[in-house]
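Please have the structure open while I talk.

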Amino acid sequence: MGDNSGPPALFHRMAPTANLRIERLTPDADMVDTVADWTRAAWGHLNPEITRAAWRIETCDNAGPAGVPSTFVAWLDGRPVGTASLVAHDMKTRTDLTPWLASVYVEPTARGRGVASALVQRIENEARSAGLAHFYLYTPDQQRLYARLGWEPVEQAGYLGERVTIMKRQLDARSA
């Protein structure tokens with residue numbers, strides 16, 4: 001589902017806040033509707049045929065207990081401000097690539113405070129804990145952010161009417 005984490009230049013100027021925590025989303029959590037609404041608002045235009053109810057079901061399906069799939073919610077100063085997921089597939093045209101960092105979203109009021117970077121690092125730790133050697137993402141506009149976090153471009157592609165960069169993160173063997 002791409003990325004909507006805000007301008008990467010802000011991440012260079014501001015340090016992450018100490019009041020940030022990241023929690024696993026469970027299918028029965030009160031936050032499921034919020035996460036579904038955030039991601040649908042950000043990327044629903046790419047799949048307009050998917051109803052809110054179906055989007056919510058997919059959000060629940062991606063809220064696994066560990067590994068793939070997993071979804072996390074970032075909390076800043078006691079309020080939910082962002083989400084990210086680790087999923088088996090995120091591009092219908094590239095099912096040969098798996099798994100994927102997906103749905104990195106940070107509320108506009110919380111951008112530039114290291115939330116997206118912390119979410120990406122949490123997903124990376126989840127992938128490493130699951131024994132994964134690498135994973136992928138696609139983004140139309142956040143290549144600089146991901147490159148700073150160790151991601152490398154794989155290819156440019158057209159997807160759902162957008163020009164995107166597919167990126168890969170090779171994981172090292174250090175413990176999560």
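In this predicted model, the largest nonpolar core is made of 27 residues, and those with the most contacts inside it are Leu25, Met91, Trp100, Tyr138 and Ile166. Two or more residues of this core come from each of α2 (32–43), α3 (52–61), β3 (70–76), β5, β6, β7 and β8 (162–170), and the largest share, six residues, is given by α2. Apart from this core there is another one, of 26 residues, which includes Leu86, Val104, Leu145 and Leu171.

If you select Ile166 and set aside residues up to four places away in sequence, you will find that Ile166 touches, among others, Met91, Leu97, Trp100, Tyr136, Tyr138 and Val154.

Trp100 sits in strand β5 (residues 100–106) and Tyr136 in strand β6 (residues 134–139), so that the pair links parts of the chain 36 residues apart, and both residues are buried.

Tyr138 and Tyr159, by contrast, form an edge-to-face pair, with 5.3 Å from centre to centre and 75° between the planes. Because Tyr138 lies in strand β6 and Tyr159 in strand β7 (residues 152–159), this pair ties together parts that are 21 residues apart in sequence. Tyr138 counts as buried, at 3% relative accessibility, and Tyr159 is buried too, at 5%.

Finally, ring pairs link Trp100, Tyr136, Tyr138 and Tyr159 into a cluster.

Conventions:
Residues are numbered from 1 along each chain as its sequence is written. This is a predicted model: local features need pLDDT of at least 70, side-chain atom pairs count only at pLDDT 80 or more; totals for chains, interfaces and linings use all residues. Side-chain values use heavy atoms; hydrogens and water are left out. Helices (H or I, at least four residues) and strands (E, at least two) are DSSP runs, numbered from the N terminus. Buried means under 20% relative accessible area, exposed over 50%, partly exposed in between (1.4 Å probe, protein chains only). Rings of Phe, Tyr and Trp (its six-membered ring) pair if their centres lie within 6.5 Å; planes under 30 degrees apart count as stacked, over 60 as edge-to-face and the rest as tilted. A nonpolar core is a set of buried Ala, Val, Leu, Ile, Met, Phe, Trp, Tyr and Cys residues joined through side-chain atoms within 4.5 Å. Contact means heavy atoms within 4.5 Å.
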